[in-house]
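Thanks for coming, everyone. Please have the sequence and the model open while I talk. I'll take it one region at a time.

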Amino acid sequence: MIQTSNLTKIFEDKKRGKITAVDNITFSCKAGEVFGLLGLNGAGKTTTLRLLATSLKPTSGTASVSGFDIVKEPQRVKEKIGFLTGDTGLYARLTAEETITYFARLYGLHNSDLEKRKTEIIKLLDMEDFKKGQVDKLSLGQKQKVSIARTVIHNPPVLILDEPTARLDVISARNIVEFIKEAKRAGKCIIFSTHIMHEAAKLCDVIAIIHKGKILEAGTLPQFQEKYKIQELDDIFVKIVEEKR
Ligand SMILES: Nc1ncnc2c1ncn2[C@@H]1O[C@H](COP(=O)(O)OP(=O)(O)OP(=O)(O)O)[C@@H](O)[C@H]1O
Ligand SMILES: [Mg+2]
């Protein structure tokens with residue numbers, strides 16, 4: 001579903017010079033699999049996800065998503081993904097429900113299909129209480145749920161989620177974690193970034209540790225535990241990253 005091949009992004013920054021944000025990354029993620037990207041601030045997580053979502057063009061290397069090349073067929077890739085990022089746009093004046101309807105129509109859903117999908121999403125994300133609320137008056141977590149609803153309304157096979165639970169309360173975060181598990185059960189390919197280690201430990205089939213644009217290691221939690229003889233993912237993460245600092 002996702003296959004990257006020597007994916008690299010170098011930013012030419014006027015003040016900072018050349019920044020290799022993503023450095024020769026190769027990995028894959030299958031249908032029904034959750035792939036987690038863990039890394040410190042500035043490690044290259046968002047840039048990697050933006051490359052996969054075709055919001056940025058790679059400097060070199062490439063990737064395919066659902067069989068389509070991100071450089072040669074970005075439009076096809078866009079149809080296959082739901083991309084959630086910190087700046088996923090919402091319209092302040094619409095209600096949560098109107099937002100879902102609006103984006104559903106954009107993706108060509110109408111009438112009973114639209115109503116069915118809307119009901120499903122509202123239930124899945126536990127949005128009943130605030131579906132009539134205007135977006136600019138919703139809490140942070142409620143807005144995040146609207147953003148996620150918007151991202152997945154067309155039921156894409158690939159989900160690219162940049163810190164989906166950042167700044168959410170414990171129950172809202174659990175809702176999102178459950179939502180991701182449900183998506184996995186439905187056979188979606190999910191790649192997400194997080195700073196929340198216990199979340200990654202719970203959710204990910206494969207964990208990749210990214211540092212200064214490079215994937216230092218990737219594997220399952222049991223593989224890491226066995227290799228480092230350490231139980232907790234945050235301790236494993238710190239050990240791997242500290243060795244490279
Ligand atoms: N448009 C840009 N122009 C120049 N440099 C950029 C740009 N976008 C990102 N960078 C740089 O690329 C590096 C990787 O940034 P990125 O946003 O991918 O990190 P991240 O792992 O998502 O971090 P965080 O955990 O803080 O979200 C950083 O050094 C960042 O400053
Ligand atoms: Mg980021």
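How do the residues of the shell around ligand 1 divide into nonpolar, polar and charged? There are 5 nonpolar, 6 polar and 4 charged residues. Keep in mind that this is a predicted model.

Let's stay with the ligand. In total, 15 residues surround ligand 1. The closest are G42, K45, T46, T47 and H195. Find those on your screen before we go on.

Now the polar contacts. Start with K45. One of its polar side-chain atoms lies 2.7 Å from an oxygen atom of ligand 1. Next comes H195. Here an N or O atom of the side chain is 2.8 Å from a ligand 1 oxygen. Then there is N41. An N or O atom in the side chain of N41 sits 3.0 Å from an oxygen atom of ligand 1. And how much of the ligand is covered? Ligand 1 taken alone exposes 640 Å², and the protein buries 70% of that.

Which elements supply the shell? β1 (2–13), β2 (17–25) and α1 (45–52) each give at least two residues. The largest share comes from α1, with 3 residues.

So let's look at α1 itself. Is α1 largely enclosed or open? It is largely enclosed by the rest of the structure, because 6 of its 8 residues are buried. The buried ones are K45, T47, T48, L49, L51 and L52. A word on helices in general. An α-helix has 3.6 residues a turn, so residues three or four places apart point the same way. Back to our helix. After α1 comes T54, and the phi of T54 is positive, near 65°.

Now a neighbour of that helix. L37 lies in strand β4, residues 34–38. L37 has a relative accessible area of 0%, so it is buried.

On to H211. Its place is in strand β10, residues 206–211. Is H211 buried or exposed? Its relative accessibility is 7%, so H211 counts as buried. Leave aside its neighbours within four places in sequence. Then H211 is in contact with L40, A43, L216, V241, K244 and R245.

Next, a charged residue, E97. You'll find E97 in helix α3, residues 96–106. E97 is buried because its relative accessible area is 16%, and the cut-off is under 20%. Which residues does E97 contact, leaving aside those within four places in sequence? They are K118, I122, K131 and K132.

Now the cysteines. First, a reminder. A disulfide is a covalent bond between the sulfur atoms of two cysteines. How many disulfides are counted here? The count comes to 0. Look at C29 and C189 to see why. The sulfur of C29 has its closest cysteine sulfur in C189, 3.2 Å away, and that is too far for a bond. The rule asks for sulfur atoms within 2.5 Å. Both cysteines are covered, too. C29 has a relative accessible area of 1%, so C29 is buried. C189 is at 0%, so C189 counts as buried as well.

Last topic, backbone angles. In general, most residues other than glycine have a negative phi. Here are two with a positive value. S66 is not a glycine, but its phi is about 55°. S66 sits in the loop between β5 (60–65) and β6 (68–69). Its relative accessibility is 21%, so S66 counts as partly exposed.

Where is K229? It is in the loop between α8 (221–228) and α9 (233–242). With 64% relative accessibility, K229 counts as exposed, because the cut-off for that is over 50%.

To recap, go back to the ligand once more. Ligand 1 has 15 residues around it, and α1 gives the largest share of that shell. That's my tour.

Definitions and conventions: Residues are numbered from 1 along each chain as its sequence is written. Chains are lettered from A and ligands numbered from 1 in the order in which they are written. This is a predicted model: local features need pLDDT of at least 70, side-chain atom pairs count only at pLDDT 80 or more; totals for chains, interfaces and linings use all residues. Side-chain values use heavy atoms; hydrogens and water are left out. A residue is near a molecule or strand if one of its heavy atoms lies within 4 Å of it. A polar contact is a pair of N or O atoms within 3.5 Å; within protein, one must be able to donate a hydrogen and the other to accept it, and residues adjacent in sequence count only if both atoms are side-chain atoms. Accessible areas come from the Shrake-Rupley method with a 1.4 Å probe; for residues, only the protein chains shown count as cover. Helices (H or I, at least four residues) and strands (E, at least two) are DSSP runs, numbered from the N terminus. Buried means under 20% relative accessible area, exposed over 50%, partly exposed in between (1.4 Å probe, protein chains only). Contact means heavy atoms within 4.5 Å.
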